[in-house]
Amino acid sequence: MTAAESSPLVLPHILFALAAVVLLGRVLGLILRPLHQPPVIGEVLAGILLGPSLLGTALAARILPPEAASSLEIVAQLGVILFMFLVGLELDLGFLRRRARATVVISNAGILAPFLLGAGLAIWLYPRLAPEGVRLSTFALFLGA
């Protein structure tokens, strides 16, 4: 079967997959609201629940056949572009300027703390796991990252 012959069959699968993710995302968002979680957490969980990691590849392939995956990927990329555009429209630069110091400290701590923990773990793991000829600094940088 060529791509032209299978293309009419792809659209219903894409629409079903989109509807399933949106519907389950909304439901999980409502369920997580009492736990003070933003709706995006429900949407992420919906993607995980409907994906092959939980359903298994056979069932996930029945919901979204491999020939439809590339089309859905294009739709997903377009959605991310539109989402980032909307985020840019809603960005309050005045608020960001007022909170610049706290933002920089929090973002650097979010990068530095895991890096230092990984590099510290590398010191302990280096004698046990490092391949022959790899320096400790290289191993620590790799594990820290």
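Predicted model: local features only at pLDDT ≥ 70, side-chain atom pairs only at ≥ 80, totals over all residues.
Student: How confident is the predictor in the chain, on average by pLDDT?

Tutor: The average pLDDT is 85. Of the residues, 94% score at least 70. Residues 1-6 stay under 50. For that stretch the model has one contact beyond four places in sequence.

Student: How many helices and strands does the chain have?

Tutor: Eight helices and zero strands. From the N terminus on, the order is α-α-α-α-α-α-α-α.

Student: Is the chain spread out or a compact globule?

Tutor: The radius of gyration is 22 Å, well over the 15 Å that the globule rule gives for 145 residues, so the chain is more spread out than a compact globule. The C-alpha trace spans about 55 × 50 × 30 Å along its principal axes.

Student: What describes two packed helices?

Tutor: The angle between their axes and the distance between the axes. Now the case here. Helix H7 covers residues 100-129, and helix H8 covers residues 136-144. The angle is about 130°, and the axes lie 7 Å apart.

Student: Why are H7 and H8 called oblique to each other?

Tutor: Angles over 145 degrees count as roughly antiparallel and 65 to 115 as roughly perpendicular. At about 130°, H7 and H8 are therefore oblique. Their crossing is right-handed.

Student: Which residues make the contact?

Tutor: On H7, they include Pro114, Phe115, Gly118, Leu121, Leu125 and Leu129. On H8, they are Leu136, Phe139, Ala140, Leu141, Leu143 and Gly144.

Student: What is the make-up of that contact by class?

Tutor: The contact of H7 with H8 has 14 nonpolar, two polar and no charged residues.

Notes:
Residues numbered from 1 in each chain as written. Heavy atoms only, no water. Axes fitted to C-alpha atoms, helices over the stretch in contact; angles between N-to-C directions. Helix = DSSP H or I, 4+ residues; strand = E, 2+ residues; numbered from the N terminus. Parallel < 35°, antiparallel > 145°, perpendicular 65-115°, else oblique. Left-handed = near helix turned anticlockwise from the far one by under 90°. Contact = heavy atoms within 4.5 Å. Nonpolar A, V, L, I, M, F, W, Y, C, P; charged D, E, K, R; others polar. pLDDT = per-residue confidence, 0-100. Rg over C-alpha atoms; globule rule 2.2 N^0.38 Å.
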